[in-house]
Amino acid sequence: MSVKINGKKLHLTTFDVPTSGKNMRMCLVAQRDLAKESESFDAFNKKVDALKKDEELDSQTMIDFYDAQIKLIDTYSKFLQPILNLSDEQTQKLEDSDFKDVVDLANEVIAKVLGLDSSKSTDTK
């Protein structure tokens with residue numbers, strides 16, 4: 001069985017993604033990695049907010065803050081490229097898209113592959 005993923009919002013095609021064990025594992029790994037990177041980003045964000053109130057930010061804190069943001073963004077691309085089997089051109093479109101739309105697409109893939117999306121029209125045989 002596979003699920004349909006609509007990539008039109010990112011100027012991509014509709015994808016059929018098999019609900020195989022391999023893809024389910026990729027979704028779970030992505031969720032774990034995204035949770036880790038989000039946690040790191042949130043921690044640095046709180047540190048930056050706290051430091052802004054009391055003192056000037058040092059360059060290492062800012063570098064760590066930006067590194068956390070970059071890792072979070074990269075995690076989405078690293079997940080979507082193989083699970084949707086994106087070509088180089090499609091990957092470029094993904095990277096050129098609004099980040100919120102990329103997050104929404106990743107969430108849709110995860111929800112549908114893991115069976116968390118109850119939409120009746122998503123299953124294909």
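A: In this predicted model, the largest pocket holds about 160 Å³ of space. A pocket here is found on a 1 Å grid over the protein atoms alone, as an open set of points where a 1.4 Å probe fits, with protein on both sides within 12 Å along at least five of seven lines; lining residues have an atom within 4 Å of a point. The volume is the space filled by probe spheres set on the points, which are joined across faces, edges and corners.

Met26, Val29, Ala30, Asp33, Lys71, Asp74, Thr75, Lys78 and Phe79 form the lining. Of these residues, four are nonpolar, one is polar and four are charged (nonpolar: Ala, Val, Leu, Ile, Met, Phe, Trp, Tyr, Cys and Pro; charged: Asp, Glu, Lys and Arg; polar: the others, Gly among them). Helices α1 (21-54) and α2 each supply at least two lining residues, and α2 gives the most, with five. Helices are DSSP runs of H or I with at least four residues, numbered from the N terminus.

Helix α2 (residues 59-83) also meets helix α4 (residues 99-113): their axes, lines fitted to C-alpha atoms over the stretch in contact, come within 10 Å and cross at roughly 50°. On the α2 side, the contact (heavy atoms within 4.5 Å) includes Phe79, which also lines the pocket. By class, this contact has twelve nonpolar, no polar and no charged residues.

Residues are numbered from 1 along each chain as its sequence is written. Because the model is predicted, local features need pLDDT of at least 70 and side-chain atom pairs pLDDT 80 or more, while totals for chains, interfaces and linings use all residues, and side-chain values use heavy atoms, leaving out hydrogens and water.

How values were computed:
Axes fitted to C-alpha atoms, helices over the stretch in contact; angles between N-to-C directions.
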